Amino acid sequence: MINALFSKLCPNCGGDIESHRLLRGLPCKNCLPQEVKRDHLCRFLKGGALEQLCDVEEKVERWGELFERTVGSHPWSLQRSWIRKVFLRRSF
């Protein structure tokens, strides 16, 4: 594969990023110097848009656990979408 450099497309900082990192769902080398598995990405990020999304996903997970304990069933995917928007402070 030919490696390309994309200007201002890092999903975390908006900087330059290589194509192979984009394909793996990783941020640029400045945001994450070592490549890690995508499942472990949230452990290594410090600052930026992706860290905010990791924080929101953690809150959604905790909310889902509370929902299950309170209601007795898993929340629907639509309910998870709604709570994600609430945590991101986005309009419905």
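Seven residues, L26, L32, V36, L41, L45, L50 and C54, form the largest nonpolar core of this predicted model. The structure contains three salt bridges and zero disulfides.

**Nonpolar cores**

- In soluble globular proteins, nonpolar side chains tend to be buried together.

**Cysteines**

- No disulfide is found anywhere in the structure.
- For C28, the closest cysteine sulfur belongs to C31 at 3.6 Å, which is too far for a bond because a disulfide requires the two sulfur atoms to be within 2.5 Å.
- C31 is likewise in no disulfide, and the nearest cysteine sulfur to it is that of C13, 3.5 Å away.
- C28 is buried, with a relative accessibility of 3%.
- C31 is buried too, with a relative accessible area of 17%.

**Salt bridge K29–E18**

- The closest N and O atoms of K29 and E18 are 3.7 Å apart, and the pair forms a salt bridge.
- This pair links distant parts of the chain, eleven residues apart: K29 sits in the loop between helix 1 (19–24) and helix 2 (41–44), and E18 in strand 2 (residues 17–18).
- K29 is partly exposed at 49% relative accessible area, whereas E18 is buried at 19%.

**Salt bridge E35–R24**

- E35 and R24 meet through their side chains in a salt bridge with an N to O distance of 2.3 Å.
- Distant parts of the chain are again linked, with E35 in the loop between helix 1 and helix 2 and R24 in helix 1, eleven residues apart.
- E35 counts as partly exposed at 37% relative accessibility, and R24 is partly exposed with a relative accessible area of 39%.

**Salt bridge R84–E57**

- A salt bridge joins R84 to E57, whose closest N and O atoms are 2.6 Å apart.
- The two residues are 27 residues apart and link distant parts of the chain, R84 lying in helix 4 (residues 77–88) and E57 in helix 3 (residues 49–71).
- R84 is partly exposed, at 25% relative accessibility.
- E57 is partly exposed, at 36% relative accessibility.

Note on methods
Residues numbered from 1 in each chain as written. Predicted model: local features only at pLDDT ≥ 70, side-chain atom pairs only at ≥ 80, totals over all residues. Heavy atoms only, no water. Buried < 20%, exposed > 50% of the residue type's maximum accessible area, 1.4 Å probe, protein only. Core = buried A, V, L, I, M, F, W, Y, C linked by side-chain atoms within 4.5 Å. Salt bridge = Lys/Arg side-chain N within 4 Å of Asp/Glu carboxyl O. Helix = DSSP H or I, 4+ residues; strand = E, 2+ residues; numbered from the N terminus.
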